[in-house]
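Please keep the structure in view while reading each point.

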Amino acid sequence: MSEPRTLTPLAVAALALLAEGPSHPYEMYQTLMQRSEDRLVKVRPGSLYHTVDRMEAHGFVRATGTEREGNRPERTTYEITDAGTRALGERITEIIGTPTNEYPEFPLGLGEAHNLPIETVIALLRKRVALIRADTGVLDGAIADLTQRGVPAKYWLDVRYQRAITATEADVLETLIADLQSGTVSWSEEKH
């Protein structure tokens, strides 16, 4: 297995934070949550600590010191190594340049929707569209906030991408709802 493949999405996010500067895992967790990175990667404090330990074993990060505040547990600060910087760059290159099927559940459910009554499918699709439109609104707010704060766009390309994907999904589903309601997509027992 090549080094970049050892990087899980959480490892990529953690290494990217360490590329900004040394940090301890709890601080990394707080930063990921503050930046809403949990929209992109599953983040839990325990899994982040485990990920940092694995990256240290691979030589991607190294401990730079330990600190203690009051009665709190000791916190080890880590920094990215040259190997970690290379692995991060290689993995990001692979992610961006190579499409992969991530097996999302929604297309499976949509493909099997014919097992439900058409009225149920339409109601469920309407519900999904409403939730997606609300999510798009949240992303619009985030974009407005980032723009107002002057955060360079290169740091939130993912937000722009997610906004476009959610808006497109809602548009496609609204067209599907219209096709189901008009009978363009038939729900009869005919098999073709």
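1. Helix 7 is followed by Gly183, which has a positive phi near 90°. The model is a predicted one, and the points below should be read accordingly. Helix 7 covers residues 157-182.

2. Which residues of helix 7 are buried? They are Val159, Gln162, Thr166, Ala167, Ala170, Leu173, Ile177 and Leu180. These buried residues pack against helix 5 and helix 6.

3. Asp171 pairs with Arg133, and the closest N and O atoms are 2.6 Å apart. Asp171 belongs to helix 7 and Arg133 to helix 6, so this pair ties together parts that are 38 residues apart in sequence. Asp171 counts as partly exposed because its relative accessible area is 40%. Arg133 is likewise partly exposed, at 30% relative accessibility. Through salt bridges that share partners, Arg133, Asp171 and Glu174 are joined into one network.

4. The count of salt bridges comes to nine. In general terms, side chains of opposite charge can pair when their charged atoms come close. Another of these pairs is Arg39 with Asp135, where the closest N and O atoms are 3.1 Å apart. Arg39 lies in the loop between helix 2 and helix 3, whereas Asp135 lies in helix 6 (residues 118-148), so the pair ties together parts that are 96 residues apart in sequence. Arg39 is partly exposed, with a relative accessibility of 36%. Asp135 is also partly exposed, with a relative accessible area of 24%.

5. Arg35 forms a salt bridge with Glu20, with 2.8 Å between the closest N and O atoms. Since Arg35 is in this loop and Glu20 is in helix 1 (residues 9-20), the pair ties together parts that are 15 residues apart in sequence. Arg35 counts as partly exposed at 41% relative accessibility, while Glu20 counts as exposed at 54%.

6. Most residues other than glycine have a negative phi. Ser36, however, has a positive phi of about 60° although it is not a glycine. Ser36 lies in the loop between helix 2 (25-34) and helix 3 (45-57), and its relative accessible area of 36% makes it partly exposed. Tyr103 also has a positive phi, near 55°, and is a residue other than glycine. Tyr103 is found in the loop between helix 4 and helix 5 (105-111). Is Tyr103 buried or exposed? Tyr103 is exposed, because its relative accessible area is 67% and the cut-off for an exposed residue is over 50%.

7. A nonpolar patch on the surface is formed by Ile92, Ile95 and Ile96, which together have about 300 Å² of accessible area. Ile96 lies in helix 4 (residues 82-97). Ile96 counts as exposed because its relative accessibility is 72%.

8. The chain as a whole may now be described. Its secondary structure comes to seven helices and two strands. From the N terminus on, the order of the elements is α-α-α-β-β-α-α-α-α. Of its 192 residues, 30% count as buried. The accessible surface is about 12700 Å², and 54% of that surface belongs to carbon and sulfur atoms.

9. The last point concerns overall dimensions. What radius of gyration does the chain have? The value is 22 Å, whereas a compact globule of 192 residues would have one near 16 Å. Taken along the principal axes, the C-alpha atoms fill a box of roughly 70 × 45 × 35 Å. Among contacts between residues at least 6 apart in sequence, 59% join residues at least 24 apart.

Notes:
Residues are numbered from 1 along each chain as its sequence is written. This is a predicted model: local features need pLDDT of at least 70, side-chain atom pairs count only at pLDDT 80 or more; totals for chains, interfaces and linings use all residues. Side-chain values use heavy atoms; hydrogens and water are left out. Patches are made of residues with over 30% relative accessible area and no salt bridge: like charges are joined within 9 Å, nonpolar side chains (Val, Leu, Ile, Met, Phe, Trp, Tyr) within 5 Å. Accessible areas come from the Shrake-Rupley method with a 1.4 Å probe; for residues, only the protein chains shown count as cover. A salt bridge is a side-chain nitrogen of Lys or Arg within 4 Å of a carboxyl oxygen of Asp or Glu. Helices (H or I, at least four residues) and strands (E, at least two) are DSSP runs, numbered from the N terminus. Buried means under 20% relative accessible area, exposed over 50%, partly exposed in between (1.4 Å probe, protein chains only). Contact means heavy atoms within 4.5 Å. The radius of gyration is taken over C-alpha atoms; the globule rule is 2.2 Å times the number of residues to the power 0.38.
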